[in-house]
Amino acid sequence: MNGAEPRKLNCWESLGCGRGPGSLDPCVVATDSAGNGVNGGTNGGRSCWAVVGTVSGGEELAPCAQGTSCLTCDFFRLVKSEEGPSFQFLKLAKGVSDLQELQETIGRVESLMAIHERMRTDFDLRTTIREITEEARKLTGAQRSLVLLVRGKPPALHGEFVLKGELKRVKIDFHESSAVGYAAVHNHMVNLKNIYGALHSSIGPVFNRAFDKQCDCRTHSFLAAPICDAQERVIGVITAANARKGFFSSDDEWFVEKYATEVALAVEKQKFIQQSVSAVRLSAIGETVAGLSHCIKNIAQALRAGSHIIKRAIRSNSVQDISAAWGILDRHIERLADLSIDVLAYDPVVRERSKGGALNEVVRHVVELFEEEARARAVQLTLDVGDNVDPAKFDPMGIYRCVVNLIINAFDACPLSDGMVAVATRRTGEKEVMISVADNGRGMDEETKAAIFEFFRTSQPRRGTGLGLATVADIVDRHNGRIEVDSEVGGGAIFKVFVSEDIVVV
Amino acid sequence: MVPRAKIMVVEDDFDEAKLIKMILEGEGYEAVCAFNGKDALEKLESEEPDLIVLDIMMPEMDGFAFCEKLRSSPGNENTPVVLLTAVAQHIQESKYPLNGVMRAEVQEYLEKPIEPETLLAAISGLLE
């Protein structure tokens with residue numbers, strides 16, 4: 001088959017206006033030689049929307065464009081679908097005789113891209129909308145621009161702008177009685193010119209002059225583009241008012257439509273962020289509650305069993321059983337206390353942070369506390385205090401808690417016999433001290449190491465509170481410090497806590 | 001004299017293992033402790049327990065892994081087991097499907113904190 005391609009119609013042929021080339025009163029499009037060949041048309045015949053003087057430009061309106069927008073015109077859609085990917089919206093590739101026009105267009109595209117880029121990185125909806133509004137205003141050469149979003153019940157369009165240095169809020173009914181409402185209700189671009197002039201049509205969208213009265217201004221040209229979400233629901237309207245050149249061209253319409261898409265993307269992104277944040281929060285709360293409940297259940301188990309044995313031992317007068325069970329009961333009461341202290345240690349306010357004093361004394365005190373337990377667990381516990389450590393600046397309560405938790409962690413990791421836990425302090429910099437706790441336990445693989453500072457991610461689900469190392473990380477973080485962990489499976493572990501003395505008051 | 005039933009307590013927390021052992025001994029059972037699944041498997045042959053009280057969350061080899069090995073070891077296909085967990089059963093089951101591990105006729109599943117009386121009732125029920 002070698003059928004001839006169907007002839008591409010020019011606008012005057014498709015729309016039948018009778019103002020094609022050679023007619024008595026040819027339209028500006030028919031004589032626009034700069035557009036010749038664009039989308040396969042004669043002169044501007046297939047790029048009529050890009051010709052100034054059709055929809056809203058100049059003195060003379062093309063008959064096809066009265067009261068409508070080129071972007072919703074059937075002929076525009078026809079050309080777009082016929083040309084497919086090679087469709088040319090602007091006369092960029094061919095026939096651009098005006099370098100300034102080209103530079104302006106490139107500037108506009110770059111501005112759109114810049115907005116898009118900013119949205120990818122630093123995002124805040126209000127700021128983003130403000131930026132988009134400002135860019136849309138500049139690029140359409142408008143005096144003012146505004147983004148209104150649909151909110152509330154019944155839905156209305158809400159926006160804010162600065163007038164004479166004062167922030168004003170505007171609410172427009174979701175009703176076609178205003179140009180903005182019309183764009184929203186009909187999901188349709190509105191482009192008005194000569195609003196106070198005789199030519200201004202009373203059919204179709206009408207600019208609400210009450211707005212001018214309220215804001216003490218006069219609007220002569222006005223562009224309103226609907227903002228739609230992915231489901232094509234109108235979620236707002238973007239407007240531009242008072243074009244410098246006296247009207248908004250179809251290029252302006254096209255760009256404002258793109259800005260509308262950017263606003264829609266920003267709103268969607270905001271929604272997504274909110275949903276993710278709340279999902280993360282819910283999941284964190286769920287994990288925390290589950291972890292706490294697990295830990296408390298284990299403690300409760302020991303308390304219940306211990307009390308059962310003591311009651312029975314009292315009945316049978318067995319001092320030996322009472323003493324054995326009481327020792328265990330006592331430890332679990334202590335564990336319950338540890339749990340509450342660990343929960344409380346997650347307090348964002350650093351208490352007595354700058355107090356500081358003798359770090360070696362604090363560490364020595366903790367080590368002494370654990371000496372008895374070390375004997376009971378057959379663990380050899382040693383302390384090696386460094387020189388020039390004191391005086392140091394630190395939060396004594398916090399560091400005390402850190403060392404307690406690190407020693408408990410080390411004890412739990414130790415083998416059943418011949419366990420060793422070595423605690424040491426060192427000065428590692430002019431304004432930095434280090435506390436290390438090493439054990440000869442079973443060590444950790446990379447996966448375990450990566451998760452140890454998370455809540456309730458203990459490899460000792462039964463003994464610890466599941467908060468111990470998370471608390472250590474939190475306290476060290478508040479000291480502007482850092483933690484280094486050296487460990488491999490079967491090779492024990494060493495936790496080094498570096499505490500910066502450059503205290504920042506939180 | 002009726003020989004005393006021997007119960008193996010598999011529990012990684014020394015304190016809890018000791019407390020359960022004391023409760024069981026107070027009721028006239030003989031009790032031995034193991035501190036994880038691997039330790040328990042090693043002791044299985046020499047101790048020959050009549051029943052096992054088994055914690056689920058343990059390092060090295062957890063309760064479920066131990067149960068699977070237990071059931072495939074000759075002579076232990078029907079050894080009764082009381083499983084203990086501190087995690088609610090529905091969460092536990094969603095994380096660890098019990099297919100092939102749970103056998104209702106020879107196993108009990110108890111959620112901590114357990115009343116010692118409940119534990120003892122479960123044990124005597126399974127030993128009958």
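## Where the chains meet

Keep in mind that this is a predicted model. The contact draws on 23 residues from chain A and 19 residues from chain B.

On the chain A side, the elements that put in two or more residues are α7 (250-316) and α8 (319-345). The top contributor there is α7(A), with 12 residues.

Now for the strands. Chain A has an open sheet of five strands, running in the order β7-β8-β9-β11-β10, with mixed pairing. At the edges sit β7 (379-384) and β10 (482-487) of chain A, each of which pairs on one side only. On average, neighbouring strands here are turned by 15 degrees against each other, if you ignore direction.

Take the β10 end of the sheet: β10(A) pairs with β11 (residues 493-500) of chain A in the antiparallel sense, over six bridges. A:I483 stands opposite A:V497, which belongs to β11(A).

## Helices on the sheet

Which helix packs on the sheet and touches β10 and β11 of chain A? That's α13 (residues 468-478) of chain A, whose direction makes about 140 degrees with that of β10(A).

Then there's α9 (residues 359-369) of chain A, lying across β7, β8 (419-429) and β9 (432-439) of chain A. Helix α9 runs at about 175 degrees to β8(A).

Key
Residues are numbered from 1 along each chain as its sequence is written. Chains are lettered from A and ligands numbered from 1 in the order in which they are written. This is a predicted model: local features need pLDDT of at least 70, side-chain atom pairs count only at pLDDT 80 or more; totals for chains, interfaces and linings use all residues. Two residues are in contact if their C-beta atoms, placed from the backbone, lie within 7 Å. Helices (H or I, at least four residues) and strands (E, at least two) are DSSP runs, numbered from the N terminus. Two strands pair if DSSP finds at least two bridges between them. Axes are lines fitted to C-alpha atoms, for helices over the stretch in contact, and angles run from 0 to 180 degrees between N-to-C directions.
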